[in-house]
Amino acid sequence: MIKKLTITAVLLLAFVQAWAQLPSGGVKGIVVSRAGRTPIAGAQVLLMQDGDKVATATTGADGAFLIEALANGMYEMQLSADGYVSANVNVTVDGGFVKDMMIVSLLPEQVVAEVDDSSYVEFDMEDSGFTDNPTIMYGSTDVFANLAGYGFSSIRFKNRGYESESQDVYLAGVKMNDAITGYSPFSLWSGLNEAMRSKNTTIGMESADYGLGHFNGMTNILGNPTSVRPGWRFSVLSNSALYRLRLMANYASGELDNGFAYAFNVSARVGGNDWIEGVYYKNISYYAGVEKKFDSGSRLALFSFANTGHRGAQNASTQEVYNLMGDNMYNSNWGYQNGVVRNSRVRKTFEPVTVLKYTASPTDRLDVAATVLYRCGWNGYTALDWYDAPDPRPDYYRNLPSYFFMDDDDYNRSNEEKFAWASEMWNTRSKDFAGYQHLNWDRLYNVNYNQADGRSKYAQEQRHVDQRDLNLALSASWYATDNLRLDGGISGKINRTENYKKIADLLGGQYFLNIDQFAERDFASNEALTQNDLDYFLTNGSAEKIVKGGKYGYDYYAHVRKAQAWANGTWSKKGFTASLGGTVGYESFWREGLVRKGLFAGLDDAGNEISYQGRTLTTYDHKGRPITSKGESEKLGFLTYSGKLSLAYLLKGGHRFSLNAGYFNDAPTFKDAFVSPRTRNSVIEGLTTQKTISADVNYQWSRGGYNLRVTGFWTKIKDQTDLMSVYDDSQQSFVNFALTGIDQRHAGIEFGGKMPLPVQGLSLSGVLSWGEYIYTSNPLMTMTVDNSSEIVYENALIPFWKDSPKYHRVNYDKMNIIEVDWEGNPILDGYQKHHVASTPELATALSLNYRTRSYWFFELTGQYFAHSYLDMNPLYRTMAAVSGADGIATPEEIEYMATQEEFSPAFLMNLRIGKSWYIQRKYNFGFSLNVQNLLNNRDVRTGGYEQSRLISSTGKSRYYKFDSKYFYMPGTNYMLNLYFRF
Amino acid sequence: MKKILSILTLAALLASCTSLIEEFQPVFTSKYEDPAVSKTVSLKPNITIADLCALYKTGSPWQIDRDLIIAGRVTTTDKPGNFYKSLYIQDETGGIELKLGKNGLYNYYQEGQMVYVRCFGLTLGMYGYKSGNYGGQGMVQLGYIDPTESYETAYLESSYLIDSHVFAGEKGEKVVPEVITESQLPQTYDTQASNPYIGKLVTLKGLKYANQIFCMLYIDSNKEKKMSANRIFLSDATWGVTTWAMSENKFKEYFDAGLWDSVQIGNSGDYNYGTVGQPKDPGFAMSKADIRAHAAAYSVSQYFTMGSREIQLRTSGYSKFGDEEIPKSVLDGTATVDMTGILSLYQGSIQFTVNSLEDIVINE
């Protein structure tokens, strides 16, 4: 019995032992796309140990994989999937357990490999608050992002209606949004498409491992040499809507045996285009980097890049001008000089960025990264300046026929004969008339020649915004347990930006006098008040004669300091993921005037009033503080914080539900904080942080070539500030509108879907963005003029900012009039809501895509855009503007003045064709041709702005608006790219 | 056939090449050469300024329907801002104002420079005529048709209109002013056709300050200027004004000093709107602050006498010397002044406008 038992026990033990010798360890996880977090079906998982293949697996429709029967030890897991950048991950299996990797994300390859930001039409809209940045920069497999991110840029689509500064753009882990304006900084590396191609992108409220982000997505451009596609690559690109030619060369070594990696990228972009005369590029961009992987596995990367050169800018005009010229792409910035086209507005930049990045994995559960980034150089933008001479702009309103005659005689413009002269001047197409229809450089030079004293009446100035920007970012990712991951970091920024202008060209004269001409008109008897540089005047007895290259006008530093700490914890189990994160930070900024302006003399260094010829120059604001142009302003400080919660559930079958919510308390930017930053230290009253609450819900599904995302979003932004500066010729100066307390609400849905069609390689994609982006408050406005100490309006309510009344109209005696009730009061139909401008609230696209096995691709896209609105001018929404000189606001006046213009809808067709050839599997040659706006639709407005001037009616009872200015989309245009790589 | 095809192919290739070359035309971005100095124009005048003015009949603006060309040298400059949007030219026979309607005219037409005017299509009209006992002639001017009939002539304004009629000739030395005596001064009903000095640059000597100004202020210049309730007249005395004119800032200084508080608002004979110190018209002003809120620059006529004749020296509030103080010795009558400027008539009264303060010489 005992023997039997023993034998059984021994046998059992042997069995157990034998069973135990079969390894019980393993690894499992879910492979998802880093963009959109959608599962990737069919991804290959290859497990290597000491260079030998150990096991393979393929992910299921839900992206999940499982490899079992692994012995304890360290493995290298290689993940690959079509359309994604391959990744290597180290895995340690121990204790005989199946290691749950949870979510493993892959970086999508740029699907349309040859499309880049340089194909986005760039505008000159500096003065109206626009930027020249692309709308969305997705490189992802998210269907919506793919079709909208690139395809909607020609209409200036703003994702979910948000301004570009709400999109967080990182480079190597450092947030790059401009310290002064918050704008996204794509122009810093434009032209370096190859070096900057690899990026992590999130959409909407998703967070990432380099920061918590806001509510409009995050992009982190990797930039380090190993992120650049290895090999040689050359391309030639021609673009008929922007610049003629781009030549690019790129090389990356990949990681060499000695642990080093090198990469460089250079490109030249030159020439004009078919649509906008005067717009041209003369740019060289370069990138160079080196990276070393140490034995410890840590990496150190150093790279530097810059985009340097000239770019001619475009200008908006009124519809009257476009009609007179028969061309909606007319650009008033250029004219002939000696028969050669010359643009007066040219952006000239050289802003090198240098980055040092260190990454390490001290343990297999901890990744750390540290980056130091420095940006410097200069950014100039030329413009014409003139003193006591006629406005040189050809489309200046007094040159237009409408200035002489309008059908409605209430405009007090009744000279039909002068109208005829002005019309002939614009309508005649001959060389003799070019000097009227475009800038007349020859005339400007001749005015300067005429000045016996050599004083230039016209000059070309160059406005500079020169940044010195030092950043430090540290971040860590800790896989605390198999279910919990913690990301966090700290970052800091020190920025000093010098704003000034200098003389770029004296246009045939000897010098330009550094005085303020409007002040001169107002303060004729007090020369000191007209000085742009009072200290120079008091020392030398006269204003400085500025020669080429000399600074004049204004000169000040913007100082910005930022510090932030952030953390985000992600817990996941069985397809359920929850993350909670937060930030806390402090931002501070101040102005430091470098010159003393006569009008805002302030106190001298000893704290005494400044006087000239017995008259005190120092003036005080209503709180008794001296109004100062020189020295440091009050230092403004803001505590910032934010919190985010994300919940996601991944069901079997590739369905994913997620919900994100966040609250953000952000500091205002420097650019919006001063009433007239060019001239004085005065801060806008009532400056406070911007509060945003945002939420979105998402459903995603991906399986067997089907791909779908539906998102609903809702965002409320409170207490925004905005400073708008516009040139007013009647003041011969910039007029500033400082708005505080702007509230907005953005709500809508986003849909993106892709389905395969029965024919192999054929698929259909569609996207829809449909929302309402409206103002929900009436802000306060402080209006100042650069050249006057007078505050035109101080914290005045803008009563018609968020909406304007719509009255009931009836036809009576052949006239359309507002109906009144029996008491004589106008009958109200409702209110027109006022919208965030210059983006369509309804944007859709349907795209038919065909790819062959021989690497051809064809794509035909139809797009429809509607509900886009014109940018509003606060002046037209004041009581004063709707009242007219008589001070009586009638329903007709309110409706006329305060209504916001809605653009007509637009339908567009685009076509893309491409083909790649592989030679001996080593050389790859290909082309892509992109034809935009196939229907040659030339009436599509992409943006614009209202002017800030009023016309008093003949009877002085009301005001009329000046015509608005618009930007149009170019007609049919192409972009052809040829590339060769090996 | 094959030949034709190959020729066609060649032609097509060539055409696409040229269009390609055109497409890839480089943009010029190198150093731009300085443009050449504009050539001056020379025309042969066929009528004198006095004869042209003689073609004008008082009260009837005339759109010139003949190819008349006048020539004259520029006598004024808008550089110091006392002349605005127009300039005077003169020949041997007389002077005339050209209402061009642009700022900074001195940049194109300089003092002493020859200017030719092709008059066809322009309008000859008069400014400042008033009928009746206290009236008289104004100035014959050359401008453009004014369909509103607010004035007899309008400004030309349109660049193309100006460039088609007014031509800058060769530059020259500044015109030497003629010194004229009291007896040469025009009478109430003279015009350029009957008095050779009207519209010309002349020097008047030995003028005495007359302790009197004329200045019309508006409560709100954005509102209807013809309304009596919008007007304030400073006349018959000096009202404390000791500058040649007043900028907006100078206006505020005078205003705040309370010098005009007792002045009645409104046209003479229509004093129903209170005083500057206490206005009482809800449509325009109910308090002194309401008037100050619309402060502006104003022209002032300072009265002088030349023998028995009265000369109004008119200076713009936008001129750079408008806020300069009139020397004490002039104000208290111990010094006389010599002035060089444009002699003009307004409702039969003599007005005088100087280019700059250098044209006023104090005889201490």
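**View 1. The loop that holds Thr852(A).** In this predicted model, Thr852(A) sits in the loop between strand 47 (842-851) and strand 48 (856-866) of chain A. Thr852(A) is exposed, because 12 other C-beta atoms lie within 10 Å, and a residue with 12 or fewer counts as exposed. Gln760(A) is 92 residues apart from Thr852(A) in sequence. In space, the two C-alpha atoms are 8.0 Å apart.

**View 2. The side of chain A that touches chain B.** Here 44 residues of chain A are in contact with 40 residues of chain B. On the chain A side, strand 20 (340-343), helix 4 (416-427), helix 6 (441-449) and helix 7 (517-522) each supply at least two residues. Helix 4 of chain A gives the largest share, seven residues. By class, this side of chain A has 17 nonpolar, 13 polar and 14 charged residues.

**View 3. The largest nonpolar core.** This core has 154 residues. Leu87(B) and Val115(B) touch the most other members. Strand 10 of chain B (residues 201-218) gives the most to this core, with eight residues. In soluble globular proteins, nonpolar side chains tend to be buried together.

**View 4. The contacts of Leu87(B).** Leaving aside residues up to four places away in sequence, Leu87(B) touches Val74(B), Thr76(B), Asp78(B), Leu98(B), Leu100(B), Leu105(B) and Tyr109(B).

Definitions and conventions: Residues numbered from 1 in each chain as written. Chains lettered and ligands numbered in written order. Predicted model: local features only at pLDDT ≥ 70, side-chain atom pairs only at ≥ 80, totals over all residues. Helix = DSSP H or I, 4+ residues; strand = E, 2+ residues; numbered from the N terminus. Buried ≥ 20, exposed ≤ 12 C-beta atoms within 10 Å, placed from the backbone. Contact = placed C-beta atoms within 7 Å. Nonpolar A, V, L, I, M, F, W, Y, C, P; charged D, E, K, R; others polar. Core = buried A, V, L, I, M, F, W, Y, C linked by C-beta atoms within 7 Å.
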